[in-house]
Every structure is written in C-alpha cells, then in structure tokens.
Amino acid sequence: MALVLRYLYTNINYLFNEYQDPRTKDFPVHTLPKVLAIIGVYLYFIKVWGPRFMENRKPYELKTILILYNSLQVIANIWLGIYATYHSYWRGGWNFFCEPIKKDFTEQGYRVAFVVYCYYLLKVVDLFDTVFFVLRKKYNQITFLHVYHHAIMAFGTFIASKFVIAGHGSMLGIVNCYVHCIMYMYYLISSFKPDMKKSPWWKKHITHVQMIQFTFLIFHFGRPLVMQDCDYPQAMCAICFLQNLFMLLLFSDFYRKAYLTKKKVN
C-alpha cells in the first residue's frame, strides 16, 4: 500500500509541476490539497456537522447576509462574464467553433488567466449556498443535484484554471456567469419581495434557462468531438460534453418531478 501511495503521489506531483500553467502557479488557494480540503470540509459540514449543530436550534433567518451575498454574486458574475467575453471573443478574436489552448504570456494572456482563476474562486464561494441552507434548515433543498453540481464545479474549475486556461472550454464559464447572474438576481429580488417565492413561474423559467445552458454547451463541446478539426484536448471536450449531458438529464428529471408531475396531480 505504501508503494502504491508513493507511486500516486510521485505521478500526481509530476503532473502538477510539469503541466500546470505557470500563469496561475503561485496564486492563493490553488493547490490540489487545498481544493480537496475545501470540498471535504464542505461535504462534512452539510452532511454531518451542520445538521448536528442545528439539531436543537431554530433556523437562522440570515436576511442581511443573504442580501449582501446575493448582491455580491450578481456583481461578480456579471463582471466576470463581461470581462471574459471582452478579453476572449471580442478583443481576443477567439474562434467560436474552435479555440485551441494558448499559453499567452502577454498582458492579454495574463488577463485571461486571472479571470479564469477568479471564476474558480467564485465556484468555491458558491459552496456557501448549501451552508446557508443548513443554517436556515432548508434541508429539502440540499438534493443530490445541488451538492453534486457545487462540488464538481469547484473541482472542475480548479483543474481548468490549473491546466487548460482559455481555449474552447472557456465558453462554459462565460455562459455560466450570465446564467448565475440571472439566478442570483432572482434570489436578491425575492429577498425584498417574498411573494415571488410562492409563485413557481420564476423558478420554472430559471430552470428553463439552466437547461438551455446545458443544451448549448453539449453542442459546443460535441462539435469538436464529431468534426475532430480542433486543436483542443479531445479528452476535455469529452469530459465537458458528458458532464453537461449528465446535468441536463438531472435538471430534466428535477423539472419533470417539480412541475410536470405536480401539474398532472393537481
């Protein structure tokens, strides 16, 4: 067992030292042990320590905290989305159908690397969504879909910001920023207008937007896989394609149970 662990450590260490992008190498909170520790603490809190801590306590309202959190999320997502779009497809002249990975060490290249790193940090901050659910005892909202999506996004964006900065995969982050801006804007407005939460109209159409996002990204990553004319890692295209397909299936199942099944019962 010791030899196996040493072999794994040696190879992983070699991978991270030899193939990581030097533009984000020394950024804070940007090592494999740290991101795994963050995800591990997150899972332990929402599954064990958090519910145990809240067992004999009343739910916290957290209204002021949520207003500040959702406001910051709206600002951060719209800023990242616009900034990334401008420095990639607008100013950078990226190809919408195929954009290879470029280790660009110009000022423009460092701007792109920085925004990808910021996107990774934003996905770490997103983990507080579930923490707030626990503190408010909204356990019904802590579904497999919710937890899986948050954990995999934190780890996936870490890998992207470590090895495949920019390129074809950046479209995922750009689209996701705009979608999250809409989502957190809904959360923010509903903080001032609680009646919005009672109406399924907003939640239903936000789910539509998320499903459109996944469908678009399936085609975006599927095209290089089919055409094979893009100098972008096929493995990354395949992973992103399958991940978005899986998320579309999960969200479709949620949509069916939350809106179509209930409608038939009523």
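First, the basis of what I present. This is a predicted model, in which local features need pLDDT of at least 70 and side-chain atom pairs count only at pLDDT 80 or more, while totals for chains, interfaces and linings use all residues. Residues are numbered from 1 along each chain as its sequence is written, and side-chain values use heavy atoms, with hydrogens and water left out.

Let me turn to the cysteines. How many disulfides does the structure hold? The structure holds one, where a disulfide is defined as a pair of cysteine sulfur atoms within 2.5 Å. The partners are Cys 98 and Cys 230, with their sulfur atoms 2.1 Å apart. The torsion about their S-S bond is about 90 degrees, so this disulfide is right-handed. As for its place, Cys 98 lies in the loop between helix 3 and helix 4 (107-125), and Cys 230 lies in the loop between helix 9 (200-227) and helix 10 (234-265). The pair therefore ties together parts that are 132 residues apart in sequence. Helices here are DSSP runs (H or I, at least four residues), numbered from the N terminus.

Are Cys 98 and Cys 230 buried or exposed? Both Cys 98 and Cys 230 are buried. On this scale, buried means under 20% relative accessible area, exposed means over 50%, and partly exposed lies in between, with a 1.4 Å probe and protein chains only.

Cys 177, in contrast, is in no disulfide; the nearest cysteine sulfur belongs to Cys 181 and is 9.0 Å away. Cys 177 has a relative accessibility of 3% and counts as buried. Cys 181 counts as buried as well, at 12%.

I now move to the charged side chains. Side chains of opposite charge can pair when their charged atoms come close. The rule used for a salt bridge is a side-chain nitrogen of Lys or Arg within 4 Å of a carboxyl oxygen of Asp or Glu. By this rule the count comes to six salt bridges.

One of them joins Arg 111 to Glu 107, the closest N and O atoms being 3.0 Å apart. These two residues are four residues apart in helix 4, and so about one helical turn separates them. Arg 111 is partly exposed, at 29% relative accessibility, whereas Glu 107 is exposed, at 56%.

A salt bridge is also formed by Asp 229 and Arg 223, with 3.1 Å between the closest N and O atoms. Asp 229 is partly exposed, with a relative accessible area of 44%, and Arg 223 is partly exposed too, with 27%.

In helix 10, Asp 253 and Lys 257 lie four residues apart, about one turn of the helix. Their side chains meet in a salt bridge at 3.2 Å, N to O. Asp 253 is partly exposed at 30% relative accessible area, and Lys 257 is partly exposed at 48%. Salt bridges that share partners join Asp 253, Arg 256 and Lys 257 into one network.

Next, the nonpolar surface. Which residues form a nonpolar patch there? They are Ile 78, Trp 79, Ile 82, Phe 114 and Tyr 178, with about 450 Å² of accessible area together. Patches are made of residues with over 30% relative accessible area and no salt bridge, with like charges joined within 9 Å and nonpolar side chains (Val, Leu, Ile, Met, Phe, Trp, Tyr) within 5 Å. The areas come from the Shrake-Rupley method with a 1.4 Å probe, and for residues only the protein chains shown count as cover. Helix 3 gives the most to this patch, with three residues. Phe 114 is found in helix 4 and is partly exposed, at 38%.

Finally, Tyr 19 is located in helix 1 (residues 2-19). Tyr 19 is partly exposed, at 47% relative accessibility. Tyr 19 and Val 164 are 145 residues apart along the chain, and their C-alpha atoms are separated by 9.6 Å.

Thank you for your attention.
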